[in-house]
Amino acid sequence: MQETLHLLNNRRSVRAFEDRAIEPEVLTLLKETTLRAPTAGNMALYSIVEVQDPSKKEQLARICDEQSMIEKAPLVWVFLADMQKWVNYFHESGAVERADEAGLAAYRKPGLGDLHLCMQDAIIAAQNAVVGAEALGIGSCYIGDVIENFEQLRSLLDLRQYTIPACMLIFGYPKGKGPVKLTPRCPQDAVFMTDRYEEPHIEQLERAYELHEEDRRRSRSLPYENTGTLADYYYLRKHTSAFMEEMNRSTSVMFDWWCNG
């Protein structure tokens, strides 16, 4: 138990990898661990595209804000929220026709509730993969930018209507072997609430992100010549950024395509 907690509490994102392939037997173990993730109704409402083609990896890196580490990573997995497999299964197995003839159910198209469940399945599986990789000595990093430029990604991976990206992971053996520097996290009482949502305001928020702000100030990465706050940093760098504007546009296209085709 202590080994598991140590692994979880010391995991960090890895963005630089050795020029070394993940061995087939290790990759098989990683896939098995990923597939043991909890899944709604045991339906496995997700699929994983392993991007191997160097040309596609290069295009994927470009789509995701020119992050060359994607192209260089030994293993790249795009996790898809996937209801398409079940839509096909329902129709091609005759389940839709039999239910209709028996007067038991009329066919409905997948909606946002289905999408939510599929997203949960995909992201839970991704986190299983992260933990499994860590146990195998393999580093990993989530790439949130896979949500951007949906139309290009849809074309690159030949996605169907009810398959949209939930997240992406890159894997490899870590290049650096030095001591692990962990980024700060919020204290427990800043995240855990009892029985109801407790809306935080400035005093609670400053306390919740105090260590984050100190870390940024030490690295002199806060705005306004390092006199700004963590709120300034994320407001300028994330919330009002061009890439967040693109993520929101792209996500709107994804959800509209899912619901309306």
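Helix α2 (residues 24-35) and helix α7 (residues 112-135) have axes that come within 8 Å and cross at roughly 140 degrees; here axes are lines fitted to C-alpha atoms, for helices over the stretch in contact, and angles run from 0 to 180 degrees between N-to-C directions. This comes from a predicted model, in which local features need pLDDT of at least 70 and side-chain atom pairs count only at pLDDT 80 or more, while totals for chains, interfaces and linings use all residues. Residues are numbered from 1 along each chain as its sequence is written, and side-chain values use heavy atoms, with hydrogens and water left out.

At that angle, α2 and α7 are therefore oblique to each other (under 35 degrees is roughly parallel, over 145 roughly antiparallel, 65 to 115 roughly perpendicular, and the rest oblique). On the α2 side the contact (heavy atoms within 4.5 Å) is made by L30, T33 and T34, and on the α7 side by A125, N128, A129, G132 and A133. Sorted by class, that makes four nonpolar, four polar and no charged residues, with Ala, Val, Leu, Ile, Met, Phe, Trp, Tyr, Cys and Pro taken as nonpolar, Asp, Glu, Lys and Arg as charged, and the others, Gly among them, as polar.

Next up is helix α3 (residues 54-63), which packs against helix α8 (residues 150-157) at about 170 degrees, the axes being 10 Å apart. The two, α3 and α8, are therefore roughly antiparallel. K56, Q59, L60, R62 and I63 of α3 make the contact with Q152, L153 and L156 of α8, and the set splits into four nonpolar, two polar and two charged residues.

α10 and α12 sit with their axes 9 Å apart at an angle of about 75 degrees, and are therefore roughly perpendicular to each other. H212, E213 and R216 in α10 meet L230, Y233 and Y234 in α12; three of these residues are nonpolar, one is polar and two are charged.

Both helices turn up again in the largest pocket, where α1 (2-9), β3 (139-142), α10 (210-218), α12 (230-239) and α13 (242-260) each supply at least two lining residues. Helices (H or I, at least four residues) and strands (E, at least two) are DSSP runs, numbered from the N terminus. A pocket is an open set of points on a 1 Å grid over the protein atoms alone, where a 1.4 Å probe fits, with protein on both sides within 12 Å along at least five of seven lines; lining residues have an atom within 4 Å of a point. The volume is about 1300 Å³, counted as the space filled by probe spheres set on the points, which are joined across faces, edges and corners. Of the 31 lining residues, S13, R15, T183, R216 and Y234 are the closest to the centre. α12 gives the largest share of the lining, five residues. By class, the lining has 13 nonpolar, seven polar and eleven charged residues.
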